[in-house]
Structures are given as structure tokens and as C-alpha cells.
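Please open the structure in a viewer and keep the sequence at hand.

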Amino acid sequence: MTASASHSPAADTLSYEQAGVNYDLIDPLKVAAQRAAAATAGHLTGHGFSEVPASRGESAYVVDVGPFYLASIVECLGSKALVADEMKALTGKSYYAGIAQDTIAMAVNDLITVGATPLVVQAYWAAGGSDWFADAQRAQALVEGWKKACDVCGVAWGGGETPALAGIVESGRIDLAASCTGIINPKTRLSVGDALGAGDAIVLLSSSGIHANGLSLARKLVERLPQGYLTEVEPGLTYGEALLAPTTLYSPVTEALAKAGVTMHYCANITGHGWRKLLRHPSSLTYRIHTVPAVPPVLKFIQQHARHDDREAYSTLNMGAGFALFVKAEDAQRTVEIAKAQGVDAIIAGVVEASASKQVLIEPINVRFGDDDLQLR
């Protein structure tokens with residue numbers, strides 16, 4: 001479906017806002033919080049440390065502790081666990097090992113954007129009541145999946161919190177989150193866009209599906225499907241199973257790149273806001289995309305049934321690209337090869353150009369995003 005091919009009535013289009021997520025309401029709070037938080041940075045000086053100001057507004061916060069940098073992040077899973085719960089009721093299968101990986105990925109994939117090596121993960125598992133933990137199969141799958149994801153990322157699981165929050169979290173449900181602390185050592189690995197500029201190549205790492213963003217929309221869409229979550233996306237693959245494909249963990253790729261001496265000028269984790277995340281850095285640059293990755297079947301399915309044109313789809317979903325790397329042009333092909341050696345497909349998707357204004361031009365689908373399409377600072 002191309003941007004020019006979709007002329008469905010607005011009443012038939014299922015927007016992200018209709019699914020309960022309105023970034024126009026959420027983003028101003030984020031900006032206000034960032035401004036208040038920035039005013040607290042001076043407290044670090046009493047300990048002999050300082051913040052890296054350019055990390056304000058990035059996916060992870062960076063502190064200069066002298067010989068190296070420390071980075072930290074906290075992220076929640078969102079509503080993907082609700083899909084796992086519905087699919088357990090429909091199929092009898094537990095999907096919580098994958099849900100655990102999704103939660104780890106939300107934190108780790110943000111942390112590595114600043115050049116950090118993940119060190120420690122902490123868990124936050126808030127249930128609607130103590131009875132949630134009585135399902136031994138589900139609880140064990142969560143534990144095993146969490147450890148396995150930590151092993152893939154080479155990160156220590158330090159501990160966590162498991163509150164029972166009846167009256168806050170709905171009975172029978174769980175709210176999952178993770179925090180992650182990492183180290184940037186040597187300091188030259190810091191990636192906050194200082195070196196980002198015209199001529200850099202844009203390498204996109206493939207996604208495994210919807211990952212853990214856009215699930216509010218995906219769950220709302222179930223109401224339109226003849227067999228709900230059991231509707232086939234393609235032969236042998238149900239909608240629910242496709243949604244529950246675990247989020248790709250990208251830290252093995254960034255670590256392999258660092259070991260190979262490839263310098264990342266900037267990175268973007270393509271999560272909420274879809275491809276608009278390519279606009280994250282404040283510089284006025286054009287990100288010209290000449291090649292787009294293959295779109296996973298589940299995302300094609302969502303676009304079709306939600307009646308989204310390409311602009312709406314690429315502004316909400318990852319559409320096959322889960323992570324963006326901005327590297328020197330001469331390092332682009334090697335970056336692709338290193339990613340593939342780690343089991344993650346990648347393509348050289350475009351180039352960074354000098355510009356009077358900030359914009360993403362996705363040429364194959366004739367879509368443009370401008371500075372006014374992403375306001376996170």
C-alpha cells in the first residue's frame with residue numbers, strides 16, 4: 001500500500017489515538033520533565049562528577065565519572081503482556097519467556113544508542129495481586145526468559161521489585177519494566193551525535209516484527225478481525241503469534257561493531273513514533289532514505305486492516321527497521337556484514353545530507369517527516 005493508493009474514508013482508519021495513545025498529549029509532559037530534570041544536574045558536582053549535556057533528550061542519560069562514562073535508562077514493556085495473556089487463554093501456551101526478552105530489549109536497546117555496554121539490569125514486575133505469581137508455569141517462563149535475555153546481552157541481573165498492587169494494576173495482569181546501567185569505556189565510544197554529519201551512511205537493522213511498540217493499536221485492531229488473535233497473518237501463523245515474536249536484542253551488534261573498530265556517529269532505537277525517530281538528533285540535517293527493508297508480514301497486516309497509508313504506518317510502526325546506525329560511508333558495508341554475522345539482517349538504507357531544516361525523506365514510498373513531526377526536547 002502506497003501513500004497515494006489509500007483513499008479509505010477516515011471513519012474506516014484506525015488511528016493510534018483511537019487506540020488510546022496520543023503523543024500530542026504525552027510529549028509535552030516529557031519535554032517539561034526533561035527541563036525540570038536538567039535543573040538537577042548540578043547535584044552531580046558535589047560528588048566530583050558531571051553530566052554529558054548532549055545526552056539530555058537522548059534515549060539514555062550519561063554521566064562523566066572521570067576515566068569512563070556511565071549510562072542509565074528505565075523502560076516499561078507497555079501492553080504486550082496483554083496479548084500474551086489472551087493467547088494463553090486461546091491456546092494454552094505460555095509466551096512469557098518472549099515477553100521477558102521484550103522487556104529487557106526496551107531498556108537495553110535504548111541504552112546502547114549512546115555507545116554503552118550494558119552492565120546491570122534490574123527488574124520491576126508489578127502484579128495486580130499476589131495470585132498472579134501462583135501460576136508457576138508463567139512465573140518460571142518469565143524468570144527463564146529474563147535470564148536468557150541477560151545472557152544474550154552479557155549483562156548481570158542485579159535484582160528487582162515484585163509488588164502486588166491491587167487497585168492500581170488490574171487483577172490478573174502484570175506491569176513489567178526494566179532499568180539498565182552501562183559503561184562507556186573507552187570514552188571515545190560515546191555516541192550522542194557530536195560527529196554526525198553530511199556524508200554519513202544510514203544503516204538499518206531489521207526488526208523481528210512489531211517489537212513492543214504499537215501494541216495498543218494492534219490490540220484495538222483485533223475487534224475488526226474475523227477470528228480475533230487467531231486470524232491468520234499468513235498460512236500457519238496467527239495474528240497473536242506474530243505479535244508475540246520477541247523484540248530483537250541489538251547489543252550484540254553494537255558490541256561487535258566496537259570490537260571491530262567501527263565508530264557509531266549516532267544511533268536511534270526505532271520504537272514509538274516509528275521512523276520519525278530518525279529525527280531525534282537536534283541538528284538540521286536531511287536523512288535521505290533510498291532503500292527500505294522488507295516489511296514483516298504482521299506489520300503489513302496491521303497497515304492493511306487499520307487502513308493506514310504509508311505515512312501513518314511509518315510514523316507509528318517500525319516497518320521492518322528496529323534500529324538505525326549512522327556511520328562513516330566507508331564503514332557502511334562492514335557494518336552490514338558485522339550485523340549479519342550476529343544474526344541480525346541489515347541494509348545500507350540512505351545517507352545524511354546538509355540541510356537548512358531537519359527532515360526524513362523516504363524516497364521509495366514518497367513520505368517526508370519534518371521537524372514538527374517529532375518534538376521530544
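At what angle do helix H7 and helix H10 pack, and how far apart are their axes? Select residues 251-259 for H7 and residues 332-341 for H10 in this predicted model. The two helices pack at an angle of about 130 degrees, and their axes are 9 Å apart. H7 is therefore oblique to H10, and the crossing of the two is right-handed. Next, display the side chains of Val253, Ala256 and Leu257 in H7, which meet Thr335, Ile338 and Ala339 in H10. By class, this contact of H7 with H10 has five nonpolar residues, one polar residue and no charged residues.

Select helix H3, residues 96-111, together with helix H4, residues 136-153. Here the packing angle is about 40 degrees, with the axes 7 Å apart. H3 and H4 are therefore oblique to each other, and their crossing is right-handed. On the H3 side, the contact is made by Tyr96, Ala97, Ala100, Gln101, Thr103, Ile104 and Val108. On the H4 side, the residues that make the contact include Arg138, Leu142, Trp146 and Cys153. The contact of H3 with H4 divides into 11 nonpolar residues, three polar and one charged.

**The buried face of H8**

Move to helix H8, residues 297-305. Which residues of H8 are buried? They are Val298, Leu299, Phe301, Ile302 and Gln303. Colour their partners as well: the buried residues of H8 pack against helix H5 (215-221), strand S8 (232-234), helix H6 (239-243) and helix H9 (310-316). After H8 comes Arg307, whose phi is positive, near 55 degrees.

Select His211, in the loop between S7 and H5. This residue is not a glycine, yet its phi is positive, about 60 degrees. Is His211 buried or exposed? With a relative accessible area of 5%, His211 is buried.

Continue to Met319, in the loop between H9 and strand S12 (321-327). Met319 also is not a glycine and has a positive phi, of about 50 degrees. Its relative accessibility is 0%, so Met319 counts as buried.

**Two prolines**

Pro186 lies in the loop between strand S6 (174-184) and strand S7 (201-206). Select it with Asn185: the peptide bond from Asn185 to Pro186 is cis, with omega near 5 degrees.

Pro53 is in the loop between strand S1 (50-51) and strand S2 (61-64). Pro53 is exposed, with a relative accessible area of 58%.

**The cysteines**

Finally, turn to the cysteine sulfurs. How many disulfides does the structure hold? It holds zero. Cys76 is partly exposed, with a relative accessible area of 39%. Cys267 is likewise in no disulfide, and the nearest cysteine sulfur, in Cys153, is 15 Å away. Cys267 is buried, with a relative accessible area of 2%.

Definitions and conventions. Residues are numbered from 1 along each chain as its sequence is written. This is a predicted model: local features need pLDDT of at least 70, side-chain atom pairs count only at pLDDT 80 or more; totals for chains, interfaces and linings use all residues. Side-chain values use heavy atoms; hydrogens and water are left out. Axes are lines fitted to C-alpha atoms, for helices over the stretch in contact, and angles run from 0 to 180 degrees between N-to-C directions. Helices (H or I, at least four residues) and strands (E, at least two) are DSSP runs, numbered from the N terminus. Angles under 35 degrees count as roughly parallel, over 145 as roughly antiparallel, 65 to 115 as roughly perpendicular and the rest as oblique. A crossing is left-handed if the near helix is turned anticlockwise from the far one by less than a right angle, and right-handed if clockwise. Contact means heavy atoms within 4.5 Å. Ala, Val, Leu, Ile, Met, Phe, Trp, Tyr, Cys and Pro count as nonpolar, Asp, Glu, Lys and Arg as charged, and the others, Gly among them, as polar. A disulfide is a pair of cysteine sulfur atoms within 2.5 Å. Buried means under 20% relative accessible area, exposed over 50%, partly exposed in between (1.4 Å probe, protein chains only).
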